[in-house]
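Subject: Structure for you, with notes on a cavity and salt bridges

Hello,

Please find the structure below.

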Amino acid sequence: MSAFAPRPVPVALIGLGGVGKAILSQLLSPPLNSRFNLILIANSRQSISLPLPGGQITPTNYLPILEQHGTPLDIQSILSLLSPSETSGAGIFIDSTGSDLIPSIYPQILGMGINIVTPNKKGTSSALSLYNDIKSKTYPNTPTLYYGESTVGAGLPILSSLKDLVETGDEIYKIEGVFSGTLSYIFNEFSKVEGGDVKFSEVVKVAKDKGYTEPDPRDDLSGTDVARKLTILSRLIPTSPALSEGYASVPTESLVPQVLSNASTKEEYLERLAEGDEYFDKLREEARKEGKVVRYVGVIDLKEGKVECKLGKYPTDHAFATALKGSDNIISFTTKRYSPRPLIIQGAGAGADVTAMGVTSDLLKIHERLTTRF
């Protein structure tokens with residue numbers, strides 16, 4: 001057995017919501033706690049450097065400690081702790097926020113030689129200029145690494161599988177899938193293979209109560225989250241449309257019916273939700289008459305040159321109709337090699353623990369790169 005034991009890689013975690021807390025828990029537990037040195041945690045207001053002088057941080061005590069001993073959040077100071085120096089190697093910046101601001105400075109962070117791992121979609125799904133700036137400052141253009149596996153499909157190997165297909169010379173024909181855990185749950189319950197007459201408004205309210213939706217369900221029903229995921233995938237395919245404005249360039253069908261478009265607050269929207277039931281009842285009935293179910297899907301069709309988010313109707317024996325449970329994601333890759341039977345990846349596409357696993361598995365990829373001796 002080799003006597004060489006790599007030095008733990010320094011890591012700072014920004015964002016301590018549900019996913020951030022799960023990342024923290026995994027980083028503090030075996031086997032990851034021997035591979036990474038967590039030097040700082042922060043929420044949107046405060047940060048605290050680690051280790052603590054008088055004790056240990058845990059997933060249960062971090063919040064009161066942060067509130068009591070934290071200092072005002074200063075991103076530039078955090079970056080100075082992670083910058084490579086003569087005495088320490090490059091660190092890793094974990095952005096577990098939903099911020100727009102932090103992704104806008106990814107090029108600066110990467111330019112300082114600091115690696116990034118993130119479940120935040122906004123850096124790679126916004127304007128093409130920001131995406132290109134990020135790419136120009138990462139491997140293979142520089143030694144610095146950026147990973148965002150968990151931006152699509154939580155912990156499912158969606159991005160890594162697509163990269164493998166592209167980088168081994170396969171030709172992508174079409175990517176199609178149910179990319180939103182929230183919308184997966186809603187339509188799995190609303191439009192079942194065996195039928196049923198549950199109201200759309202009732203399903204949305206249950207989904208909200210279960211914590212599947214954002215506080216304002218319109219944020220999920222707008223389709224924007226799916227459009228961001230399609231943008232991220234599309235940009236990994238050399239022959240895909242440019243999408244110069246990112247997700248805003250993707251034609252996206254909203255699930256907020258016209259009758260509710262004038263609701264000015266989330267409270268008003270939720271109170272009036274049943275006003276949209278007639279619209280969705282008609283959609284379901286049309287599909288039922290054709291022997292189909294309704295699903296909200298994202299499609300990248302390279303032959304047609306299309307990227308779009310839309311409601312689709314699928315036969316009751318189709319995988320999108322039969323294979324999904326709860327808030328599962330399912331993504332189908334039709335390629336030159338995987339044709340006519342596509343490569344299908346399916347599983348939990350939402351949830352703090354699986355999303356955190358997508359982040360920590362990316363951390364391990366960087367750890368291997370940084371600590372391998374040739």
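Helix H10 (200–209) and helix H14 (277–289) each supply at least two residues of the lining of the largest cavity. Please keep in mind that this is a predicted model. The volume of that cavity is about 40 Å³, and the count of cavities of 30 Å³ or more comes to one. Its lining is made up of Phe200, Ser201, Leu255, Pro257, Leu260, Tyr269, Leu273, Gly276, Asp277 and Phe280. Sorted by class, these are seven nonpolar, two polar and one charged residues. As background, rolling a probe the size of a water molecule over the atoms shows where empty space is left.

Now the charged pairs. In general, side chains of opposite charge can pair when their charged atoms come close. Searching the whole structure gives 20 salt bridges. A few of them are described here.

Glu149 and Lys365 form a salt bridge in which the closest N and O atoms are 4.0 Å apart. Glu149 sits in the loop between strand S7 (146–147) and helix H8 (158–167), while Lys365 belongs to helix H16 (residues 352–371), so this pair ties together parts that are 216 residues apart in sequence.

Helix H14, already mentioned for the cavity lining, holds a salt bridge of its own: the side chains of Lys282 and Glu278 meet at 3.8 Å, N to O. The two residues are four apart in helix H14, so about one helical turn separates them. Glu278 is exposed, with a relative accessible area of 55%.

Finally, there is a linked group. Lys121, Asp225 and Lys229 are joined in a network of salt bridges.

If you open the model, two places to start are the lining residues of the largest cavity, including Phe200 and Phe280, and the salt bridge between Glu149 and Lys365.

Best regards

Methods:
Residues are numbered from 1 along each chain as its sequence is written. This is a predicted model: local features need pLDDT of at least 70, side-chain atom pairs count only at pLDDT 80 or more; totals for chains, interfaces and linings use all residues. Side-chain values use heavy atoms; hydrogens and water are left out. On a 1 Å grid over the protein atoms alone, a cavity is a set of points where a 1.4 Å probe fits but cannot get out, and a pocket is an open set with protein on both sides within 12 Å along at least five of seven lines; lining residues have an atom within 4 Å of a point. Grid points are joined across faces, edges and corners, and a volume is the space filled by probe spheres set on the points. Ala, Val, Leu, Ile, Met, Phe, Trp, Tyr, Cys and Pro count as nonpolar, Asp, Glu, Lys and Arg as charged, and the others, Gly among them, as polar. Buried means under 20% relative accessible area, exposed over 50%, partly exposed in between (1.4 Å probe, protein chains only).
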